[in-house]
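Please consult the sequence and the structure shown below while reading.

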Amino acid sequence: MSSSRVRPRLAATVLCAGTLVLSGCAVLGPGGGGGAGAGGTTDPDRSVPLLAEGQLSVCSDIPYPPFEFQQDGKVVGYDIDIVQRIADDLGADLNVVDSSFEGIQSGASLTGCDLNVSSITITDERRQTMAFSVPYLDDDLVLVAPKDSGITDLESAKGKRVGVQQDTTGQFFAEEKGLDIVQYEDGGMQVEGLRSGGADAVLGNGSVLLYQLKDDPEYTVVETFATGEQLGIGVSPDNALLLSAVNQTLLDMEKDGSLDESRVRWFGEEAVR
């Protein structure tokens, strides 16, 4: 999405894993300009059309901690904080629909949901099937391996089994670099594949992999790839009013500090420094 910044304050914040067990950095924060297809930030229209009156339906691939996952019987996470606020601003009830990431990233799920939110990287290909909000997170890729694996960078990972989540930019990047990949349906299975020995290393977005492995001393980030990825919320290209409302909520959350509060809750204090 070629969009304006949410506001200058939303420049990327760097979460370095120096305070975590893993080394390396995940770049967090609603990104700078250059996003895809934002529809402006006009005042929200309270008559925004929704698929079901009074209900905001959101398709999300669960689990994908810390963005969306089950905790104490509820779906929680960074993405969920944002879409709950969008629903509140619209005066609607939030309905989170667990969907495959393939359906989300292709835009197909938008026939049954008002929004797609699932740590979706904005790409030119995906902009062909959905509009995106202003970016709300910058998130580069990382390669993680066991400390004693002998894998120290991308080159040494060649010929090894590298776990990726299917249909993600991590998969596409790994294929482009000629890695031998093992595909997993979701991020939880990807990390479990690493722990069980099904994969020799994993490649994916830093925010997700660092969150899941931050307390495990056996693994380390061996290389970070500055891919410049930005995450956005997917909206039907036919619903400009909803897209505008989503952008306005992101602006408001940044302005009133609630977006920072959510970042700290899910990524730690480093996310807002």
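## The second largest cavity

In this predicted model, strand β13 supplies the largest share of the lining of the second largest cavity, namely three residues. Two elements, β13 (201-205) and α6 (206-213), each give two or more residues to that lining. The volume of the second largest cavity is about 50 Å³.

The residues that line this cavity are Tyr-64, Gln-165, Thr-168, Gly-170, Gln-190, Leu-203, Gly-204, Asn-205, Val-208 and Leu-209. By class, four of the lining residues are nonpolar and six are polar, and the lining has no charged residues.

## The largest cavity

The structure contains two cavities of 30 Å³ or more, and the largest cavity holds about 60 Å³ of space. Its lining is formed by Asp-61, Tyr-64, Phe-101, Ser-118, Ser-119, Thr-121, Arg-126, Gln-165, Thr-168, Thr-169 and Asn-205. Strand β7 contributes the largest share of this lining, with three residues.

In terms of residue class, the lining of the largest cavity comprises two nonpolar, seven polar and two charged residues.

At least two lining residues come from each of β5 (74-76), α1, β6 (93-98) and α8. Helix α8 gives the most to the lining of this pocket, with four residues. The lining divides into six nonpolar, four polar and three charged residues.

## Nonpolar cores

The largest nonpolar core has 34 residues, and those with the most contacts inside it are Leu-56, Tyr-78, Ile-82, Ile-86, Leu-115 and Tyr-136. Elements that give two or more residues to this core are β3, α1 (78-90), β7, β15 (230-235), α7 (240-256) and α8 (258-267). The greatest contribution is that of α1, with seven residues. Helix α1 also supplies at least two residues of the lining of the second largest pocket.

Which residues does Ile-86 touch, not counting residues up to four places away in sequence? They are Leu-56, Leu-115, Ile-233, Val-246 and Thr-249. A second, separate core consists of 15 residues, including Ile-151, Leu-154, Val-162 and Ala-201.

## The disulfide

The structure holds one disulfide. This bond joins Cys-59 to Cys-113, with an S to S distance of 2.2 Å. The pair links distant parts of the chain, since Cys-59 lies in strand β3 (residues 55-60) and Cys-113 lies in the loop between α2 (101-106) and β7 (115-121), 54 residues apart.

Why is the disulfide right-handed? The torsion about the S-S bond of Cys-59 and Cys-113 is about 75 degrees, so the disulfide is right-handed.

Are the two cysteines buried or exposed? Cys-59 has a relative accessible area of 3% and is therefore buried, while Cys-113 is buried because its relative accessible area is 2%. The cut-off for a buried residue is under 20% relative accessible area.

How values were computed
Residues numbered from 1 in each chain as written. Predicted model: local features only at pLDDT ≥ 70, side-chain atom pairs only at ≥ 80, totals over all residues. Heavy atoms only, no water. Disulfide = S-S within 2.5 Å. Buried < 20%, exposed > 50% of the residue type's maximum accessible area, 1.4 Å probe, protein only. Core = buried A, V, L, I, M, F, W, Y, C linked by side-chain atoms within 4.5 Å. Contact = heavy atoms within 4.5 Å. 1 Å grid on protein atoms, 1.4 Å probe; cavity = no way out; pocket = protein on both sides within 12 Å on 5 of 7 lines; lining within 4 Å. Points joined across faces, edges and corners; volume = space filled by probe spheres on them. Nonpolar A, V, L, I, M, F, W, Y, C, P; charged D, E, K, R; others polar.
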